Structures are given as structure tokens and as C-alpha cells.
Amino acid sequence: MGRRVRGIAAITALGIGMSALAACGGSDSKSTGGGKKVQLALVAYSTPQAAYQQIIKAFQATPAGKNITFTQSYGASGDQSRAVASGLKADLVAFSLEPDITRLTKAGLVADDWSANPTKGMVTDSVVSIATRKGNPKGIRTWTDLIKPGVQVITPNPSTSGGARWNILAGYGAASTKNTNKAAGVAFLNALLKNVPVQDDSGRKSLQTFTGGKGDAIITYENEAIFAQQHNQPLDYTVPDSTILIENPVAVTKNSAHPAEAKAFLTFLYTPAAQKIFVDNGYRPVEQGIPGSEKFPKPAGLFTIKDLGGWTAVTKDFFDPQAGIITGIEKKLGVTTGSK
């Protein structure tokens, strides 16, 4: 049984909107000191919105960031990646998973060497967790508990959401013992998705659905469960002993009109100040020695995407829009599928 973490938490009255574009206001429009004012466009997946807004303010308080303002766009990771590929302006992109950056490298919008840094282009980590109503009235603590009859599980649509893919792969990896028993893993996914009554297009919207009262459990990023607790929504969450390490990438685009300033912000994301803000928002840091990082549980059976064959193989086997395992399951259930 995984380590169980309890707490009170909240999302019902979130002041964080889910509009496609959210301009950063306040100090964003007022720079101090001399120098040319520059506006950067950040296009990101939905869940780190609060963290990035805080980091931007911290960056603007530094000499490197004092004359830089931002536009910000948040949404489902796959949708955001496709939007940039289709022409949405972006100086920096921050997505849920690596394939959403790979799409942009193939389109010539992000350099092939975007991951050539000590963290391989990743700016935050997390793990997949299971959250329940406060008090856990149905006693849901393990992956097996999620496939019991009568249990409603909330998770987003893998056609649009990077978080959904992490969720699915976490459950599959646990049930298949890190891909050594594929049949058992696929059987688990069939049973799991039958228990999912609604699939929103992003992880944040799924969290809003759950905190709004639907479902007995939600599969979600650990940082999303913490986010809910920080906003006074009563829930408990469990980090299963067997779960996947979530790795979130960030990159500067090749067609940025302000590459020097964009790279300065990218560099800032790895500083102790920025990494601490990520930690305060429930993310695991990619840099060592960040205060607060010691609070995160260490699952004994933690595995990575490489343990399942890597993103290229996993995307083809599970999420191919015509022949993927998940595509087939979703079609049988009448769920809308599409290319991510």
C-alpha cells in the first residue's frame, strides 16, 4: 500500500481562469530602470499556471527581468503544442511531456538540442497520485481499488491531455510490473477506463470536475493534489508504491523575436528561487538542495517512461490515433479520440 497523505484542500473558488490566453497584469506592464522593454509569450500546459505567474514576478524583480513583460497561454498540453505548431506565437513553451516538444522540433520551431542541459530539458518533476474525498469513504488507496465495480474515477482525455497519458502509463506500468506483463497491464486499462464517467480535455479541468463533486477518486499529478489542498478543498491523496516519474519539459522557440531575453527567463527557471516556487506549488525540483524537497514521499517502485520503452514506442503502441491500445479502448467506450 502506498504512502497516504492527508490534508484539506480547495479548488471550487479558484481565481485561476482556464481561458486560452491570460495576460499577466500588475507589475508585468510597468518596468523600472532604463533599457528596452520586451514582451515574451509563454505557452504552457494548464497545471503550473499559478507557479509560472509567481516565477514571472520574481524574474521581473531581477536585473535580467526588470524590462520584460509576458503574455501567458495555458491549456491542455497537446492542444497547446498543436497551437504553436499551427502558428500561435511563443517565445517559450512549457509542456506536460516530451512528445509535445518533439512535435515542435519536427516542425522546426524548437532546436534539436533543446534538451542538452544537465536536466535534459526538464524543469520540474512530479509523480502520479490517487486522490479521494476527505476521509476516503470508499477506502481507495491502490491501483486495484480503482477498477472495483461502482467506483467512479476522474482522469482527463489522453487525446488532448499530457496528464492523462501520464496517468494511464502509471497505472499500466504498475499493473504490468514495468511492462513485463503487458496483458495484465492492458486488462487493467480496459477496466479502469470503464470506470471513468467523464474525460475533460486537461488535468486542471479534471481537478475542477472532481472538486465540483463528481467521482470517487481522481488520478492526478501529485502537485495537483497539493494545489487542491492549498486551496482548501478537502481531499486525501495517496502516492502509490508503484507509480511513474513525471518529467515536464521547457524550451525556447527558434523563431523567438527576443531569444536573449527568452533564454534569460529559461535560465532563471533553474535558479534556487524559481525552483523553490515550483516546490511551494507542489512540484518536485530538478535541482538539488531546494528547501522543501525533502517533504515528498519516495515511492519504492518508482519507474520512468524509459522503463516502459521510451516515448517513441509508448506513443505508437498506446496512443496512435488509428491503432493505439488506448485508442481502441476509448472507441469501444464511445469516447472521442484524436491525434495528440
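Start with helix α4 (residues 162-175) and helix α5 (residues 182-194): their axes come within 7 Å and cross at roughly 135°. Helices here are DSSP runs of H or I with at least four residues, strands are runs of E with at least two, and both are numbered from the N terminus. An axis is a line fitted to C-alpha atoms, for helices over the stretch in contact, and angles run from 0 to 180 degrees between N-to-C directions. The angle makes α4 oblique to α5. Angles under 35 degrees count as roughly parallel, over 145 as roughly antiparallel, 65 to 115 as roughly perpendicular, and the rest as oblique.

This is a predicted model, where local features need pLDDT of at least 70, side-chain atom pairs count only at pLDDT 80 or more, and totals for chains, interfaces and linings use all residues. Residues are numbered from 1 along each chain as its sequence is written, and side-chain values use heavy atoms, with hydrogens and water left out.

Which residues make the contact between α4 and α5? From α4 come Ile168, Gly171, Tyr172 and Ala175. From α5 come Lys182, Ala184, Gly185, Val186, Phe188 and Leu189. Contact means heavy atoms within 4.5 Å. By class, this contact of α4 with α5 has seven nonpolar, two polar and one charged residues. Ala, Val, Leu, Ile, Met, Phe, Trp, Tyr, Cys and Pro count as nonpolar, Asp, Glu, Lys and Arg as charged, and the others, Gly among them, as polar.

Thr177 is not a glycine, yet its phi is positive, about 50°. Lys178 also has a positive phi, near 55°, in a residue other than glycine. Are these residues buried or exposed? Thr177 counts as exposed, at 52% relative accessibility. Lys178 counts as partly exposed, at 38%. Buried means under 20% relative accessible area, exposed over 50%, and partly exposed in between (1.4 Å probe, protein chains only).

The axes of helix α10 (residues 311-319) and helix α11 (residues 325-333) come within 4 Å and cross at roughly 25°. The two helices are therefore roughly parallel to each other. Asp317, Phe318 and Phe319 in α10 meet Ile325, Ile326 and Thr327 in α11. The residues of this contact of α10 with α11 divide into four nonpolar, one polar and one charged.

Thr142 lies in the loop between β6 (122-133) and β7 (153-154). With a relative accessible area of 26%, Thr142 is partly exposed. Thr142 and Ser129 are 13 residues apart in sequence, and 9.7 Å apart in space, C-alpha to C-alpha. His258 is in the loop between β10 (245-252) and α8 (259-268). At 18% relative accessibility, His258 counts as buried. What does His258 contact, leaving aside its neighbours within four places in sequence? The partners are Val38, Gln39, Leu40 and Asp91.

Finally, step back to the whole protein chain. How many helices and strands are there? There are eleven helices and eleven strands. Of its 340 residues, 57% count as buried. Take the contacts between residues at least 6 apart in sequence: 77% of them join residues at least 24 apart.
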